[in-house]
Structure formats: C-alpha cells, structure tokens
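Have the sequence and model open as you read.

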Amino acid sequence: MTSVKEIYEYINSFAPFDTAMSFDNVGILVGDKNAQGDNILVALDATRAVIDEAVRKNIGIIVTHHPVIFHPIRSLSSDSIPYLAAKYGISIISAHTNLDTAENGVNDTLAVSSGVNIQKRFTEDCTLIGELEKEVGCREFAESMKNSLGLKGLRFTDTGRNIKKITVSCGAGGEGVFLAAENGCDAIITGEIKHHLINFANDNNIAVFDLGHFQSEDMIIPVLVKKLNDKFPDTKFEQAESNSDGVLYLS
C-alpha cells in the first residue's frame with residue numbers, strides 16, 4: 001500500500017511542485033493525503049471516463065498531469081469531476097507545469113522522442129531548444145515524428161528549406177514561436193498553436209509541427225507509470241484504459 005503523501009513526495013523529488021508556473025494549480029487537489037492504495041491510476045486528465053474507471057476498479061487514487069481543479073471553483077455541481085471524485089472517495093494528485101519543465105519531464109520526453117538533442121531549457125517559458133543530428137526536410141520530419149511517436153496525425157507547415165535547430169514547447173506552447181524566432185530556430189514542435197502565431201511563424205521562416213495537445217504530452221504517462229512502479233514495487237500503478245481525448249483523425 002502506498003499513500004497519497006508518499007506519491008506526492010516522490011513526484012516532488014524529481015518535479016518539485018514549487019517550480020510550477022504562477023498561474024498553475026498542482027499538488028494534492030482532491031482527497032486525503034493519508035489515503036492509501038495498492039492499485040493506482042495514472043492519466044493525462046481526470047475525465048469522467050477516468051473517474052468511472054477508477055470506481056469500476058475500486059481505485060481510490062489517481063495521478064494526473066492536468067490539474068483536476070485549475071480555476072477557482074465558484075460552484076460545485078453534482079456532475080463535476082471534483083464533486084464526483086470526492087463523492088467516491090478518490091484522491092487526485094496533479095503534476096502539471098512542474099512536470100513539463102522537469103529534467104526527463106514532458107518537454108524533455110517530447111524532444112528526445114522526436115530526435116531533438118536538448119541544448120537549453122527555458123523553464124520560465126515551459127520551452128527548450130535543441131538540434132537534430134542532421135538537417136531534414138519539413139515533410140520528412142513530420143512523417144518521422146508521426147511514425148516514431150505513434151501519432152494518429154499532425155498538422156505542419158513547410159518552409160521549403162531543411163530544418164535542424166528546433167524549439168519544443170509541449171501542450172498549449174504555441175507562443176514559444178517567439179522564442180524560436182529570437183534564437184534563430186528553424187522550427188517549433190508544440191501541442192497547440194493559434195492562427196496568428198502560425199502567420200508569425202510563416203513570416204519568420206519557422207516550420208510549425210502541431211501534434212495536438214493530448215498527443216504532445218500523453219507520452220509522459222507510461223514514463224511516469226514506470227517511475228512510480230519502480231519506486232513503489234508493492235503497489236500497482238497503471239495507465240488508465242480510458243486515458244484519451246476522444247479526438248479522431250481522418251487520413
């Protein structure tokens with residue numbers, strides 16, 4: 001059996017919660033720090049499907065990346081996720097931007113999995129910069145990422161030139177395109193980028209690789225599951241079967 005507090009303290013050892021960005025909300029967000037479990041779910045989000053899975057499997061602890069409570073709660077309806085978690089006695093720990101920027105965290109995992117050798121981290125921006133081993137065309141790189149990361153799909157722009165120096169900013173990291181421009185990067189890999197930022201990238205010859213928010217971060221879940229299982233061998237940590245954003249891709 002492992003307690004919520006023990007899980008929190010272990011995550012804090014490699015992704016300190018006090019390094020989360022000022023807008024963020026991380027830590028033990030629902031439940032009892034002294035609650036214990038021998039089977040624990042890990043998911044990117046505490047969705048209704050994940051809560052239902054925990055109830056079905058009689059699991060009382062969930063570890064998520066995205067905060068189950070992000071904005072201040074002004075009302076608490078009976079069908080809201082925090083209410084349902086409390087109703088069923090489920091404790092939830094969320095490690096968000098502290099895990100994004102940690103060494104071997106979300107950004108690092110996305111970069112390394114994409115073939116980017118990390119050179120510099122900008123933790124205040126949840127962004128890093130690195131280089132590929134060799135220059136490659138935009139379409140070739142998009143196809144390489146789709147295959148190596150097991151993506152259902154992605155959208156990208158083609159500057160018509162080879163790329164090597166790349167900015168990586170997982171999740172809603174589209175504004176990292178400004179850092180890319182300041183540092184002479186050829187491309188940006190992110191999970192969300194707005195239209196006007198794509199225009200900026202086009203104007204500055206920066207290729208955009210938009211994986212989708214979920215796909216740019218979900219690869220950290222099996223990494224986190226392994227770390228937790230290695231640390232607490234008497235407890236089973238498992239990736240939630242219902243861990244999904246429900247997005248479908250047409251080819």
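Phe 200 is partly exposed, at 25% relative accessible area; that label covers values between buried (under 20%) and exposed (over 50%), with a 1.4 Å probe and protein chains only. This is a predicted model, where local features need pLDDT of at least 70, side-chain atom pairs count only at pLDDT 80 or more, and totals for chains, interfaces and linings use all residues. Residues are numbered from 1 along each chain as its sequence is written, and side-chain values use heavy atoms, leaving out hydrogens and water.

**Ring pairs**
- Rings of Phe, Tyr and Trp (its six-membered ring) pair if their centres lie within 6.5 Å, and planes under 30 degrees apart count as stacked, over 60 as edge-to-face and the rest as tilted.
- By this rule the model has 8 aromatic pairs.
- One of them joins Tyr 10 to Phe 14 edge-to-face, with 5.1 Å between centres and 70° between planes.
- Phe 178 and Phe 200 also pair edge-to-face, at 4.8 Å centre to centre and 65° between the planes.

**Where the pairs sit**
- Phe 178 belongs to helix H7 (residues 176-182) and Phe 200 to helix H8 (residues 195-203), so their pair ties together parts 22 residues apart in sequence.
- Helices here are DSSP runs (H or I, at least four residues), numbered from the N terminus.
- Phe 178 is partly exposed too, at 35%.
- Tyr 10 and Phe 14 are 4 residues apart in helix H1 (residues 4-14), about one helical turn.
- Tyr 10 is buried, with 16% relative accessibility.

**Around Phe 14**
- Ring pairs connect Tyr 10, Phe 14, Phe 232 and Phe 237 into a cluster.
- The charged end of Lys 227 sits over the Phe 14 ring, 4.4 Å from its centre; this requires NZ of Lys or CZ of Arg within 6 Å of the ring centre and within 35 degrees of the ring normal.

Note on methods
Helices (H or I, at least four residues) and strands (E, at least two) are DSSP runs, numbered from the N terminus.
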